Amino acid sequence: MSQIADQLPAERGPSERHIRILDAAERVFARSGFHAATMNDVALEAGMSPGNLYRYFPSKDAIVAGIAERDRSEIAADFAGLDPDKGGLLDQLEELGRFHLVHKPREKAIIALQIWAEAARNPQMAQMCASIDGTVEQGVTAAVAVARENGELPVNLDQARFLQAIFMMADGFFCRRAVDPEFDGAAGAETLFAAMRGLAQVLLLPPGQGEQP
């Protein structure tokens, strides 16, 4: 087990029927928008009766919560799979970033943008976003800490500022992909990760401040 996996909780994924419903809901929400979509739309997309759908999810909010929790669990599992014995952690982080930012369907970014907007006025949605953000922060922080220990990153890296910068860049990337159908995700990822590696060399602690835990 990797040092990173040791710092992350075990996860259990949703059932096959839940996955089918969540996949259908994502397609409907991306196509019609969260507010315009109905439970009947989701049931039709999932190939089931509305009554059967309500056995699994009592509302659209519950479906969104299911989507958010599935994403969070997947992200946690992906970070748990990072392991310095498999190669450079920065390379593994880049591969993981490309998987979620570029190779996932664009609909994921569109839905995320809708959820972020809703979170600005809905405390429950805000809590869902905070849970996902916390999982990402926990995983990246653990990976960066190990990368500093093994010499991939400067030992005097200002880790707090470095993490803040890459989270802001990743959020911007996700938003751009959602709103611009012509956005070149592959090229954007090259820019994003080159910037990440460059920042790691300049966002350093002031001399004499000591190493950051």
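Against which helices do the buried residues of α1 pack? I started there.

**Entry 1: ground rules.** The model is predicted, so I kept in mind that local features need pLDDT of at least 70 and side-chain atom pairs pLDDT 80 or more, while totals for chains, interfaces and linings use all residues. Residues are numbered from 1 along each chain as its sequence is written, and side-chain values use heavy atoms, with hydrogens and water left out.

**Entry 2: helix α1.** I looked up the partners of α1's buried residues: they pack against α2, α3 (50-56), α4 and α6. Helices here are DSSP runs (H or I, at least four residues), numbered from the N terminus. Contact means heavy atoms within 4.5 Å. Buried means under 20% relative accessible area, with a 1.4 Å probe and protein chains only. I listed the buried set of α1: Ile21, Leu22, Ala24, Ala25, Glu26, Val28, Phe29 and Ala30. I then checked the length. α1 has 17 residues and spans 24 Å from first C-alpha to last, close to the expected 24 Å. That expectation is 1.5 Å times one less than the number of residues. Just after α1, I found Gly33 with a positive phi of about 95°.

**Entry 3: α1 against α6.** I took the axes, which are lines fitted to C-alpha atoms over the stretch in contact, with angles from 0 to 180 degrees between N-to-C directions. The two axes come within 9 Å and cross at roughly 70°. α1 and α6 are therefore roughly perpendicular, a label for angles of 65 to 115 degrees. From α1, Glu26, Phe29 and Ala30 meet Glu107, Lys108, Ile110, Ile111 and Gln114 of α6. I sorted the residues of this contact into four nonpolar, one polar and three charged.

**Entry 4: the core.** Which residues touch the most other members of the largest nonpolar core? I found Phe29, Val42, Leu53, Ile63 and Phe162, in a core of 59 residues. Such a core joins buried Ala, Val, Leu, Ile, Met, Phe, Trp, Tyr and Cys through side-chain atoms within 4.5 Å. Helices supplying at least two residues each include α1 (16-32), α4 (60-80) and α8 (159-179). The largest share, nine residues, comes from α7. I followed Phe162: leaving out residues up to four places away in sequence, it touches Val144, Leu157, Met196, Leu199, Ala200 and Leu203.

**Entry 5: Val140.** Is Val140 buried or exposed? Val140 counts as buried because its relative accessibility is 8%. Val140 lies in α7. Beyond residues up to four places away in sequence, Val140 touches Phe79, Leu163, Ile166 and Phe167. I also noted Leu82: Val140 is 58 residues from Leu82 in sequence, with 10.0 Å between their C-alpha atoms.

Technical notes. Buried < 20%, exposed > 50% of the residue type's maximum accessible area, 1.4 Å probe, protein only. Parallel < 35°, antiparallel > 145°, perpendicular 65-115°, else oblique. Nonpolar A, V, L, I, M, F, W, Y, C, P; charged D, E, K, R; others polar.
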